[in-house]
Amino acid sequence: MILETIPDVNRLTPAQKLVLVTELWDDLAAHPNAVPVSPEQIAELDRRMEAYRRDPSQVTTWEAIQQRILGRSLGGE
């Protein structure tokens with residue numbers, strides 16, 4: 001486990017850990033081809049793409065999801 005091999009991470013404050021997580025995520029996002037994808041994940045993505053091609057009306061856009069979530073948190077439902 002990483003925390004066992006890099007014990008200094010355990011000494012970080014929660015705020016510092018959040019910064020570290022953000023920096024790690026940004027680094028991964030900058031190199032998407034280096035992120036391993038399992039055969040099961042590929043199969044699931046293929047299944048979802050096929051479902052979308054069969055009936056695109058069943059898809060909810062990311063923007064609509066954000067609006068639904070933010071709307072609720074801002075006094076919506």
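Biologist: Helices (H or I, at least four residues) and strands (E, at least two) are DSSP runs, numbered from the N terminus. With that settled, where is S57 found?

Modeller: S57 is in the loop between helix 3 and helix 4, the latter being residues 62-73. Keep in mind that this is a predicted model, where local features need pLDDT of at least 70 and side-chain atom pairs count only at pLDDT 80 or more, while totals for chains, interfaces and linings use all residues. Residues are numbered from 1 along each chain as its sequence is written, and side-chain values use heavy atoms, with hydrogens and water left out.

Biologist: Fine. Is S57 buried or exposed?

Modeller: S57 is exposed, because its relative accessible area is 60%. The cut-offs are under 20% for buried and over 50% for exposed, with partly exposed in between (1.4 Å probe, protein chains only).

Biologist: What does the S57 side chain contact?

Modeller: The side chain of D55, through a polar contact of 2.5 Å. That term means a pair of N or O atoms within 3.5 Å; within protein, one must be able to donate a hydrogen and the other to accept it, and residues adjacent in sequence count only if both atoms are side-chain atoms.

Biologist: And V59, where is that?

Modeller: V59 also has its place in the loop between helix 3 and helix 4. With a relative accessible area of 44%, V59 is classed as partly exposed.

Biologist: Back up a bit. How many helices and strands are in the chain?

Modeller: The chain has 4 helices and 0 strands. Along the sequence that reads α-α-α-α.

Biologist: What is the radius of gyration of the chain?

Modeller: The chain has 19 Å, whereas a compact globule of 77 residues would be near 11 Å. The radius is taken over C-alpha atoms, and the globule rule is 2.2 Å times the number of residues to the power 0.38. The C-alpha atoms fill a box of roughly 50 × 40 × 20 Å along the principal axes.

Biologist: What share of the residues is buried?

Modeller: Buried residues account for 1% of the 77 in the chain.

Biologist: I was looking at the tryptophan, W25. Which helix is W25 in?

Modeller: Helix 2, which covers residues 14-30. W25 counts as exposed because its relative accessible area is 62%.

Biologist: New topic, charges. How many salt bridges does the count come to?

Modeller: The count comes to 4. The rule asks for a side-chain nitrogen of Lys or Arg within 4 Å of a carboxyl oxygen of Asp or Glu.

Biologist: Which residue does R11 pair with?

Modeller: R11 forms a salt bridge with D8, and their closest N and O atoms are 2.6 Å apart. R11 is exposed at 60% relative accessible area, while D8 is partly exposed at 49%.

Biologist: What about E44, who is its partner?

Modeller: R47 is a salt-bridge partner of E44, again with 2.6 Å between the closest N and O atoms. Both sit in helix 3 (residues 39-54), and they are about one helical turn apart because 3 residues separate them. E44 is partly exposed at 27% relative accessibility; R47 is also in the partly exposed class, at 47%.

Biologist: And R54, which residue does its side chain meet?

Modeller: The R54 side chain meets that of E50 in a salt bridge of 3.8 Å, N to O. R54 and E50 are both in helix 3, 4 residues apart, or about one turn. R54 is exposed at 61% relative accessibility, and E50 is partly exposed at 36%.

Biologist: Which residues are joined into one network?

Modeller: E44, R47 and R48, through salt bridges that share partners.
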